[in-house]
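This report describes how one chain folds and packs. Please keep the sequence and the model at hand while reading.

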Amino acid sequence: MNQEELDAARNALLEMRRQVLQEANVSLNAYREMGQENLPDISDVSANAANRNVLLNLSENLRQKLRDIDAALERIDQGEYGVCASCEEEISPERMRVRPFSRYCIECKTEIEKFGE
Ligand SMILES: [Zn+2]
């Protein structure tokens with residue numbers, strides 16, 4: 001992937017994250033303050049009531065989406081974006097456009113869904 005495609009992907013991911021947070025009525029600041037490591041488990045966040053409210057507003061589905069998006073943004077920074085996490089082949093550009101947070105090429109994804117990760 002060239003720099004231009006990476007920039008486009010990053011913008012698409014940031015826009016997606018903005019929409020997810022908007023859908024959940026969560027401000028980006030609140031989300032950032034909360035920190036990614038607090039996202040997976042509501043029970044871990046007991047001290048900070050504001051953060052707990054943020055989490056409660058997020059359905060499991062939305063939280064999963066945010067994790068996927070953040071992970072994809074991280075892969076852009078690490079130069080691993082667009083490369084299958086399983087076979088290390090480049091993921092097809094069409095697939096990355098439809099699902100910019102894809103971690104696996106379509107072949108590996110199909111295998112994983114059949115047999116589990
Ligand atoms: Zn693959």
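Helix axes are lines fitted to C-alpha atoms over the stretch in contact, and the angle between two of them runs from 0 to 180 degrees between N-to-C directions. The model discussed here is predicted.

**Overall fold**

The chain has 6 helices and 0 strands. Read from the N terminus, its elements follow the order α-α-α-α-α-α. Of the 117 residues in the chain, 18% are buried. Among contacts with a separation of 6 or more, 51% join residues 24 or more positions apart.

**The H1 and H4 pair**

With their axes 10 Å apart, H1 and H4 pack at an angle of about 155°. Angles over 145 degrees count as roughly antiparallel, and H1 and H4 are therefore roughly antiparallel to each other. Their crossing is left-handed.

The H1 side of this contact consists of Leu6, Ala9, Arg10, Leu13, Met16, Arg17, Val20 and Glu23, and these meet Leu62, Lys65, Leu66, Ile69, Ala72, Leu73 and Ile76 of H4.

In soluble globular proteins, nonpolar side chains tend to be buried together. Here the largest nonpolar core has 12 residues: Ala9, Leu13, Leu66, Ile69, Ala72, Tyr81, Cys84, Ile91, Met96, Phe101, Tyr104 and Cys105. Helix H1 (3-23) and helix H4 (60-77) each supply at least two residues of this core, and H4 gives the most, with 3 residues. Domain 1 (1-81) and domain 2 (82-117) both contribute to the core, so it lies between them.

Isoleucine 69, in helix H4, touches Leu13, Met16, Arg17 and Phe101. Cysteine 105 touches Cys84, Cys87, Glu89, Ile91 and Ser92.

Why does isoleucine 69 count as buried? The cut-off for a buried residue is 20 or more other C-beta atoms within 10 Å, and isoleucine 69 has 21 C-beta neighbours inside 10 Å, so it counts as buried.

**Residues apart in sequence**

| Pair | Separation in sequence | C-alpha to C-alpha distance |
|---|---|---|
| Isoleucine 69 and phenylalanine 101 | 32 residues | 5.6 Å |
| Arginine 63 and valine 20 | 43 residues | 8.9 Å |
| Valine 26 and leucine 58 | 32 residues | 8.2 Å |

Arginine 63 has its place in helix H4. It is partly exposed, with 17 other C-beta atoms within 10 Å.

**A loop residue with positive phi**

Where is glutamate 88 found? Glutamate 88 is in the loop between H4 and helix H5 (93-98). Although it is not a glycine, glutamate 88 has a positive phi of about 65°. Is this glutamate 88 buried or exposed? A residue is exposed if 12 or fewer other C-beta atoms lie within 10 Å of its own; glutamate 88 has 10 such neighbours and therefore counts as exposed.

**Summary**

Isoleucine 69 of H4 is a member of the core and touches Phe101 among other residues.

How values were computed
Residues numbered from 1 in each chain as written. Predicted model: local features only at pLDDT ≥ 70, side-chain atom pairs only at ≥ 80, totals over all residues. Helix = DSSP H or I, 4+ residues; strand = E, 2+ residues; numbered from the N terminus. Contact = placed C-beta atoms within 7 Å. Core = buried A, V, L, I, M, F, W, Y, C linked by C-beta atoms within 7 Å. Domains from an automatic or database assignment. Parallel < 35°, antiparallel > 145°, perpendicular 65-115°, else oblique. Left-handed = near helix turned anticlockwise from the far one by under 90°. Lists of a residue's contacts leave out its neighbours within four places in sequence.
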